[in-house]
Amino acid sequence: MTRKRVSLILLAVVCLAGAAAIWALRTPVSVFETSAAIKEPVSADLIKRGEYVARLGDCVACHSTPGSAPFSGGLAMATPVGKIYTTNITPDNDTGIGHYTLEEFDNAVRHGVARDGHRLYPAMPFPSYQKLTDEDIQALYAFMMHGVKPASRQNIASEIPWPLNMRWPLAFWSAAFAGGAPYQPAEHQDAAWNRGAYLVEGPGHCGSCHTPRGLAFNEKALDASSPDYLAGALLDGWYAPSLRNDANTGISRWSEKDVVAFLKNGRNQHAVVFGSMADAFNNSTQFMSDEDLNAIAHYLKSLPPGSNNVGNRWQYQANDAKALQHTSPGSQTYMARCSSCHGPEGRGQAPWIPPLAGATSMQVDAASAMNVVLNGSARVVTDGVPDAYRMPPYRKQLTDQQAADVLNFIRSSWGNQGEKTDAKAVSELRKKTDPASSNVIILQMR
């Protein structure tokens, strides 16, 4: 090959790379900048619809902190490279989004590009929000601008060090992992399934917690076409379990009515919400219509087992902690600390106190179980009424070894198939969390 030909090839490669960079770094063109989208006049009905979309998306939980105005930001979110803080999305002109046009709002929500052109960190679930319909985006904008009170609160800079905090590389991340579009109904599925798929994959952004992440912190899948979608994932000290019909680690033993009860009441015969799901329930799912909850259940129960499906189908096996307390340190702690609520046989008192026998958290990664033992569970608030039953924190009462022992006893009893943990793992999680991590934010959006 001649030197001239090599030079031409290199020039072509450079030109292609430059063109790809320009394409990736461009600011997306909102559909509202074209004649393809019809802008509805702001009305009370449109604002009300936007408030419901905000509930579907659980916007208030991430963009608020205890004691602050709703949507005024400031919530710390851990990432592998440092903390970032959610921003003020009230319509305040100086510190919020008061100057955003509909087009700019659309670019931020569905494409991860702020008004000034900087890229948003993917902690903002815009890869999922890309599936929002134009109508829902317009309604959400109407609510944020006219249904939310402006609040003056300066945004907090991220703690990600330079050069990792540079935003422009996120354009390439978005090009690689967030090339979606508004949800298109599947022709071979019924209306309920499609509505459920839209809610779960789009505004509900369930995959943000329940889908495993890749090396670039990208969700490995954004819809049910992949067995990775909703297959369960570890995130910020909690393990979000599979929402698929896995034999042992998902919701195969749940009926559609069980799923609806869990989302509507925060509890069912199998489980009670805890961790990040308590925030989602307290501020989002309980406000959804029965029709939408049934659609979500219909969709989730259609999903086959996923990529994290491990173990055999759980079946109850008798194991009396009281009879074993003289032979097992874990059973001794269980009888002293846990049995009065969960019972010597692990059956609980459903739906108020969940069973530990068959609990998903006792079959998968031990992070959630450790977190709850150390820090307790969040208060469940239904229709404005706080739950009287709550798992208390045991971080002061139990040593790392005692916590590991009782967890290993529970995770190997009554047919549970969880892997063993140890005192070192408990100690590491203890350092990363505190009892405040179980506090729940409950906010009136307006």
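Tutor: W162 counts as exposed because its relative accessibility is 67%, where exposed means over 50% relative accessible area, buried under 20% and partly exposed in between (1.4 Å probe, protein chains only). The model is predicted, so local features need pLDDT of at least 70 and side-chain atom pairs pLDDT 80 or more, while totals for chains, interfaces and linings use all residues. Residues are numbered from 1 along each chain as its sequence is written, and side-chain values use heavy atoms, leaving out hydrogens and water.

W162 sits in the loop that runs between helix 6 (134–146) and helix 7 (170–177), helices being DSSP runs of H or I with at least four residues, numbered from the N terminus. Together with M166, W168 and F172, W162 makes a nonpolar surface patch of about 480 Å²; such a patch joins nonpolar side chains within 5 Å, from residues with over 30% relative accessible area and no salt bridge (Lys or Arg side-chain nitrogen within 4 Å of an Asp or Glu carboxyl oxygen).

I160, L164 and L170 are among the residues closest to the centre of the second largest pocket, as are V81 and Y121, and 17 residues line that pocket. A pocket is an open set of points on a 1 Å grid, with protein on both sides within 12 Å along at least five of seven lines, and lining residues have an atom within 4 Å of a point. The volume of this pocket, the space filled by probe spheres set on its points, is about 420 Å³. Its lining has 16 nonpolar residues, 1 polar residue and no charged ones.

Methods
On a 1 Å grid over the protein atoms alone, a cavity is a set of points where a 1.4 Å probe fits but cannot get out, and a pocket is an open set with protein on both sides within 12 Å along at least five of seven lines; lining residues have an atom within 4 Å of a point. Ala, Val, Leu, Ile, Met, Phe, Trp, Tyr, Cys and Pro count as nonpolar, Asp, Glu, Lys and Arg as charged, and the others, Gly among them, as polar. Patches are made of residues with over 30% relative accessible area and no salt bridge: like charges are joined within 9 Å, nonpolar side chains (Val, Leu, Ile, Met, Phe, Trp, Tyr) within 5 Å. Accessible areas come from the Shrake-Rupley method with a 1.4 Å probe; for residues, only the protein chains shown count as cover. Helices (H or I, at least four residues) and strands (E, at least two) are DSSP runs, numbered from the N terminus.
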